[in-house]
Amino acid sequence: MKQLSIFLVIIILFSGCAYNSFDEVEEIPAPINPNATYQKYTVTASGMVFTPSSLTISVGDTVVFDNISGFHNINGTQATFPTNPASFGNTIANGPWTYTFVFTVLGNYNYQCDVHAPGMAGTITVQ
Ligand SMILES: [Cu+2]
């Protein structure tokens, strides 16, 4: 009888462990993409153009806007481009400078240099 009691206790303990393990697995949220490697892209502002003027990136990627020289800015604000999924940009300043933005919202973005718009403009597609 004593052995049976010990046996039952062991069974109960094991089933408790099994249940808890299962419960924990269910409660831990799965990462969206555990193998994601985020890229960094550079867009150069030089003369009166952005290079590349069209860029396709993945959500979470970083774009470094690199003004080598001259008075430029990056204006990707929703005030200027209402369909942009998020606003980004900086103020007009003489180069050299860099402006870095991480794109965390999917969609199509337009931006321009306010000094040289509409000729100096670009698009970024975040997919
Ligand atoms: Cu410009």
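The model is predicted: local features need pLDDT of at least 70, side-chain atom pairs count only at pLDDT 80 or more, and totals for chains, interfaces and linings use all residues. Residues are numbered from 1 along each chain as its sequence is written.

Let's start with confidence. pLDDT, the predictor's confidence in each residue from 0 to 100, has a mean of 84 in the protein chain, and 73% of the residues reach 70 or more.

Next, the fold. Helices (H or I, at least four residues) and strands (E, at least two) are DSSP runs, numbered from the N terminus.

Now look inside. The largest nonpolar core has 14 residues, and Val 63, Phe 65, Phe 103 and Ile 124 have the most contacts inside it. Strands β1 (40-46), β4 (62-67), β8 (107-112) and β9 (121-126) each give two or more residues to this core. Such a core is a set of buried Ala, Val, Leu, Ile, Met, Phe, Trp, Tyr and Cys residues joined through C-beta atoms within 7 Å; buried means 20 or more other C-beta atoms within 10 Å of a residue's own, exposed 12 or fewer, and partly exposed in between, with C-beta atoms placed from the backbone.

Finally, find Thr 125 in strand β9. Thr 125 is partly exposed because 14 other C-beta atoms lie within 10 Å.
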